[in-house]
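Please read this briefing with the model open beside it, and look up each residue and element as it is named.

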Amino acid sequence: MRVLEVLRQAKAPLALAELSRALTIPKPTTHRLLASLLNAALVEQQLDGRYALGVGLVRLGLGALALDPVVRAAQLELERAVHDLGETFFLVKARAGRLVVLSKVEGTGMLRVAPDVGAEVPLEVTASGRLYMAYAPQLLAGNPGVSRVSAASVKRARTRGYDVNEAEWLPGLTVVAAPILLEGELLGCVTCAGPAVRLHGARLKVAISATCGVAERVSRSLRGKP
């Protein structure tokens with residue numbers, strides 16, 4: 001797992017010696033670990049001998065996501081929302097006390113800013129974080145960001161039934177989030193992200209309406225209703 005994490009963080013193929021140094025383990029040990037990972041296609045070796053993450057990880061990741069009913073229910077709705085609005089939509093869920101992007105559909109505009117699938121979303125500066133604090137704080141146990149979220153912002157998110165993050169997380173990025181609820185239980189958040197130069201004024205209101213609509217339709221789908 002450490003080998004895979006080092007390769008992920010590097011974002012580029014690494015030589016055996018580079019991996020060995022990053023892992024602080026001998027090269028023969030690193031080579032044995034890589035051999036096992038190569039056999040499972042979790043790592044691949046480039047023509048120059050360097051190592052990178054392999055396609056086997058894609059199969060594992062897609063397989064894990066396919067087991068999540070919220071991901072399945074949300075995917076088509078996210079695609080429709082992107083087609084209608086043009087902005088990027090993604091799905092955020094709590095996993096082991098952290099908020100993680102589990103699905104994403106890129107917008108059609110030239111300016112597109114949003115986290116990748118698998119990325120962690122910081123709780124304390126995001127609309128999704130405040131919604132989770134409002135509806136399911138127990139799912140965030142152990143998250144250090146909990147203490148940095150104001151009670152007033154959580155109350156506001158609960159009262160409105162959605163939340164908006166304007167440049168709190170990333171400069172120039174506006175994010176709208178709406179909760180996916182099943183009998184009062186929060187199952188995830190639908191989010192719409194786009195550059196602040198586009199998502200403001202009347203267009204922001206349209207994005208809020210679209211995001212809340214996607215969340216409601218996903219909720220209905222999970223309840224078995226058309």
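Strand β3 (residues 88-95) and strand β8 (residues 185-195) pair in the antiparallel sense over five bridges, where two strands count as paired if DSSP finds at least two bridges between them. Helices (H or I, at least four residues) and strands (E, at least two) are DSSP runs, numbered from the N terminus. This is a predicted model, in which local features need pLDDT of at least 70 and side-chain atom pairs count only at pLDDT 80 or more, while totals for chains, interfaces and linings use all residues. Residues are numbered from 1 along each chain as its sequence is written, and side-chain values use heavy atoms, with hydrogens and water left out.

**The sheet around β3**

- On its other pairing, β3 is joined by seven bridges to strand β4 (residues 98-105), and these two strands also run antiparallel.
- Strand β3 is mostly covered, with seven of its eight residues buried; here buried means under 20% relative accessible area, exposed means over 50%, and partly exposed lies in between (1.4 Å probe, protein chains only).
- These strands belong to an open sheet of six strands in the order β5-β4-β3-β8-β7-β6, with antiparallel pairing.
- β5 (120-121) and β6 (163-166) stand at the edges of the sheet and each has a single partner strand, so one side of each is left without a neighbour in the sheet.
- Helix α5 (residues 69-85) packs on the sheet, where it touches β3, β4, β7 and β8, and its direction makes about 155° with that of β3.
- In general, the strands of a sheet pair through backbone hydrogen bonds, either parallel or antiparallel.

- Thr211 lies in helix α8 (residues 201-222), and it counts as buried because its relative accessibility is 0%.
- Which residues does Thr211 touch, not counting those up to four places away in sequence? Thr211 touches Phe89, Val176, Ala177, Ala178, Val190, Thr191 and Cys192, where contact means heavy atoms within 4.5 Å.

**Helices α2 and α3**

- The axes of α2 (residues 16-23) and helix α3 (residues 27-39) come within 9 Å and cross at roughly 105°; axes are lines fitted to C-alpha atoms, for helices over the stretch in contact, and angles run from 0 to 180 degrees between N-to-C directions.
- The two helices are therefore roughly perpendicular to each other, a label for angles of 65 to 115 degrees, whereas those under 35 count as roughly parallel, those over 145 as roughly antiparallel and the rest as oblique.
- Leu16, Ala17, Leu19, Ser20 and Leu23 of α2 make the contact with Lys27, Thr30, His31 and Leu34 of α3.
- Ser20 is buried, with a relative accessible area of 8%, and leaving aside its neighbours within four places in sequence, Ser20 is in contact with Ile25, Pro26, Lys27 and Thr30.
- Ser20 and Thr30 are 10 residues apart in sequence, and their C-alpha atoms are 5.9 Å apart in space.

**Positive phi in two loops**

- Most residues other than glycine have a negative phi.
- Ala41, in the loop between α3 and β1 (43-45), has a positive phi near 65° and counts as partly exposed because its relative accessibility is 23%.
- Glu183, in the loop between β7 (173-182) and β8, has a positive phi of about 55° and is exposed, with a relative accessible area of 80%.

**The whole protein and its confidence**

- The secondary structure comes to eight helices and eight strands, and buried residues make up 44% of the 226 residues.
- The C-alpha atoms fill a box of roughly 60 × 40 × 35 Å, taken along the principal axes.
- The protein averages a pLDDT of 89, and 92% of the residues score at least 70; pLDDT is the predictor's confidence in each residue, from 0 to 100.
- Confidence is lowest in helix α4 (residues 55-66), at a mean of 63, and highest in helix α6 (residues 127-135), at 96.
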